[in-house]
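The sequence and model come next.

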Amino acid sequence: MSKLMRKFLLAVVAPLLIMGVLSFSLTAFLVNRFAEDERYSQLVREANIIKEALTENRPVPRDIQGFISRDAVTERIGGRGRQVVELPILDDLKRKDVIEVQGNRLLTYQLTSGDTVITTIREAPLASSALDGVYLAIGVALFVALLLATGLAYYMGRQFIRPIIDLRGVAKQIGDGQKTVTLPLRPKDEVGELIQAVDEMQEQLLQKEKLQKSFIAGITHDLRTPLAIIRNETEALAAGVIPVDELPDVTNSIIEETDRLGLLIDETLVYSKLAGGMMPVDRTEVVLDQLVIETTTRLQSTFLKDGLRLIVETEPVRLAIDRRMFERVLVNFLMNAQVAAPTGSEVRVCLTPEELTVEDAGNGVAEDDRATIWDLYVKQTGGSGHGLGLAISRLILDSHGLTYGVRDSTLGGACFYIRFK
């Protein structure tokens, strides 16, 4: 029997056992109390019968037991007739009283008639064999009910606990690295919701593993390509096969590829720190419209070189953010728009108290891709980056608690937005 089953049975049977004992005790008390009241009523009737018999000078019925005390003489009546006895205990009795004689509990009743005291006596109900059957029937009924409740609790417990035990095995299989596991049937209760959560967890693990492999493959490719270029051109320089007039182009190419490697490594480190919570958010109140103007002004020449017009519209906005992180997000949005926008078109940046948007006139982002482009190493179609920019932006915006996304632009392309309210 599993530990969970033992706990379940204990939780069910223990209250039932306590309730059964209390019920038996209370029932026995009430039955005995009722029987005592009936016994005292019987004693009162018998005392009155003795009184009437003495008054009418006729014999007392033999089945009535009692005592008559008169002039310091006590006589026992009933059974063998009258017998003089010495029972000092009768002198100290209350009208209704309880005495013990030779270990037997007896109920007594005294009736005073003139100078005569009539005492009737009967065995107490609790010591009466007549009630033994009642107590036995109650005890057996409670015991049978407890057995039935235990059996039902065991059966129901197995139905409840079996999926949890099966789920424990499934969790162990997932922990051992098995890709596909069979989940137990899902009942329509909290256990079913737990199984559903484990199923979703398994799906997320598979997606993360796939994404990790994709990331490793992608970053390996992006590292190999510039390294291969640097190696080939360095070997050509070492071999002396590069004409003198081409040396500036070759060295510039090596510098560009080195910068590309540095950027890739920098973005990977930033993502790693953000994902691991190692880059805390330093919030200060920032004049956001001033930040937008400064950032776009710095990038104007880059857009003009590609034949693009960078249009900026701002309203006064103050926001408690990490200036350096937020600027990185804005630059990423602008660089993506620069790559996507066709030559001769415009890229529009608009800041209002409600949101910040960056729009372009490119091909936009397909509806099915709008959720996945924020994942690690997912590149936009035609993009030249490493697939880390939007993943980093997502972590930054999530850490700020801001709402963000992408929608269709009025320019015909994509509109990346960040909502403040």
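Which residue in strand 2 is the bridge partner of Phe67? The bridge partner of Phe67 is Arg76. The model is predicted, with local features requiring pLDDT of at least 70 and side-chain atom pairs pLDDT 80 or more, while totals for chains, interfaces and linings use all residues. Residues are numbered from 1 along each chain as its sequence is written, and side-chain values use heavy atoms, without hydrogens and water.

**Strands**

Strands (E, at least two residues) and helices (H or I, at least four) are DSSP runs numbered from the N terminus. Two strands count as paired if DSSP finds at least two bridges between them.

| Strand pair | Sense | Bridges |
|---|---|---|
| Strand 1 and strand 2 | antiparallel | five |
| Strand 2 and strand 3 | antiparallel | three |
| Strand 1 and strand 6 | antiparallel | four |
| Strand 5 and strand 6 | antiparallel | eight |

Arg76 also stands opposite Gln83 in strand 3. Ile68 stands opposite Ile118 in strand 6, and Thr120 in strand 6 is the bridge partner of Tyr109. The hairpin of strand 1 and strand 2 has two residues between the strands, and Asp71 there takes a positive phi near 55°. Strand 5 and strand 6 form a hairpin with two residues between them, where Gly114 in the turn has a positive phi of about 70°.

Two or more lining residues come from each of strand 1 (66-70), strand 2 (73-77), strand 4 (96-101), strand 5 (104-113) and strand 6 (116-123). Strand 6 gives the most, with three residues. The lining divides into 10 nonpolar, four polar and three charged residues. Here Ala, Val, Leu, Ile, Met, Phe, Trp, Tyr, Cys and Pro count as nonpolar, Asp, Glu, Lys and Arg as charged, and the others, Gly among them, as polar.

**Salt bridges**

A salt bridge is a side-chain nitrogen of Lys or Arg within 4 Å of a carboxyl oxygen of Asp or Glu. The count by this rule is 12. In one of them, the side chains of Arg323 and Glu294 meet at 2.8 Å, N to O. This pair links distant parts of the chain, with Arg323 in helix 6 (residues 323-340) and Glu294 in helix 5 (residues 288-305), 29 residues apart.
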